[in-house]
Amino acid sequence: MSSEPFTLRWGILATGGIAKTFTKDLLIDVSTRDISDIKHSLVAAASSTSVSRAQDFLAEVGAPLTAKAHGSYTSLVADPDVDIVYIATPHSHHYANARLCLEAGKHILCEKPMTVNAEQTKILIDIAREKKLFLMEAVWTRFFPVSKEIREFVREGGLGEVKRVWADVSFWTDVEKAFGTEHRMVSMDLAGGVLLDLGVYSLTWLFQILYHIVPEPDRGFPSVASQLTKYKPTGCDESTSMLLSFPPNGAHGIATTNIRVSHDASATATASDPIRIQGTLGDITVSSPFRPTSYTLIPASSVSRGTPASFERKTVTRAMPGDGHGHGMFWEADECARCIRDGKLESDDMPWAESEAVMRVMDRVREQGGLVYGEGLESVVWEEKGAVV
Ligand SMILES: NC(=O)c1ccc[n+]([C@@H]2O[C@H](COP(=O)([O-])OP(=O)(O)OC[C@H]3O[C@@H](n4cnc5c(N)ncnc54)[C@H](OP(=O)(O)O)[C@@H]3O)[C@@H](O)[C@H]2O)c1
């Protein structure tokens, strides 16, 4: 094996909030996280609005002077120096933007949720497979060392048989004041609503434990029951609660998401950790559902019945690498580099089938709650989508 690190050359599609956060992470030297087998190179960024906006973006994130600014997404995907495109547009545009990248032969890291519905996700997967291109949904939480450690602990039977997972990912907002009717969080034209934006994280916690680590023959699509409350000014969802039952033994997953009340334990005196994984030997709780840097092991209280606890109660903390700067999105970027270096089209930690399954759950929840986006947003016909390119 070559001792030279593999360099992945990135193009950034869109210049909004998360594009800035991700790109700053991408620029953090990999050695700060003790990595020497891969490297990232920021070669270009594109704005759908103007070249100057892309230039401002590159300046703001501290890009190398060699990085190119493109004034359209079409121009970015035609750039021969770009290996992979990070898509950071609103959900409404992911399908069209991803199609554009795939047709141009680019690998993709696409912000969550992968698309508006499961049918669109399936088409992207089929095209990526056919064109032999890497495609991954940017569910960065899964690549935190703590997430991996929890999956491993549970996979090895540390919690016994998991019976229930609770996951709440919510934040308090004065919604009318903060988002009005136009913000992407609530605009029906941008596939707004809390389910697609935050509920996808609640579901990822359920899926990591009750689907991902379940051995193949036993793994299966859950049954889904849900309630959804709409944000009256636009008709998107502001509060959604889901009760899932997973094969093979009917373990329950309770996933909630809300933009009027918070998951944050420090925000309300009586709240507990928003993630709770409950097995026959005890629980794991996690206080930070987006950026998990610690977890608590709580043995089942069986002492009164004469059974010794299977493990000690303790909180395990894994500090952020380097000087603690960075958001933690670099780990998903590292995964992309390793997969592409190794010729893999999908990640073992965020596989295609799972992105599609989570989308199918969200389709079902929207069906049960009567939440339908416009024909243009739900459509799989790419040419009809009027994509911002
Ligand atoms: N992983 C995370 O933690 C995380 C956090 C926040 C958001 N996200 C995801 O990232 C995506 C973008 O979220 P964001 O908060 O970065 O949004 P944002 O700040 O509104 O930025 C979106 C960008 O998309 C481009 N865009 C293209 N067509 C657009 C249109 N019709 N309306 C609005 N913007 C348009 C714009 O860039 P140009 O004008 O330069 O083309 C805009 O700056 C969403 O899918 C969201 O779910 C992920």
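Q: Why is Arg 341 called partly exposed?
A: Arg 341 has a relative accessibility of 26%. Buried means under 20% relative accessible area, exposed over 50%, and partly exposed in between (1.4 Å probe, protein chains only). The value for Arg 341 falls in between, so this residue counts as partly exposed.

A quick word on the source: this is a predicted model, where local features need pLDDT of at least 70 and side-chain atom pairs count only at pLDDT 80 or more, while totals for chains, interfaces and linings use all residues. Residues are numbered from 1 along each chain as its sequence is written, and side-chain values use heavy atoms, leaving out hydrogens and water.

Q: What makes the contact of Arg 341 with Asp 37 a salt bridge?
A: A salt bridge needs a side-chain nitrogen of Lys or Arg within 4 Å of a carboxyl oxygen of Asp or Glu. The closest N and O atoms of Arg 341 and Asp 37 are 2.8 Å apart, so the pair meets the rule.

Q: Which salt bridge joins Asp 342 to its partner?
A: The side chain of Asp 342 meets that of Arg 341, at 2.8 Å from N to O. Asp 342 is partly exposed, with a relative accessible area of 45%.

Q: How do you know whether Arg 99 is buried or exposed?
A: Arg 99 has a relative accessible area of 13%, which is under the 20% limit, so Arg 99 is buried. Its salt-bridge partner Glu 103, with closest N and O atoms 3.7 Å away, is partly exposed at 37%. Both residues lie in helix H4 (residues 94-103), 4 residues apart, about one turn of the helix.

Q: Why are strands E8 and E14 at the edges of their sheet?
A: The 8 strands of this open sheet follow the order E8-E9-E10-E7-E11-E12-E13-E14. Two strands pair if DSSP finds at least two bridges between them. E8 (223-230) and E14 (314-317) each have a single partner strand, so one side of each is left without a neighbour in the sheet.

Q: What makes E8 and E9 a pair?
A: 8 bridges join E8 to E9 (residues 237-246), and the rule asks for at least two, so they pair. The two strands run antiparallel, and Ala 225 stands opposite Leu 243 in E9.
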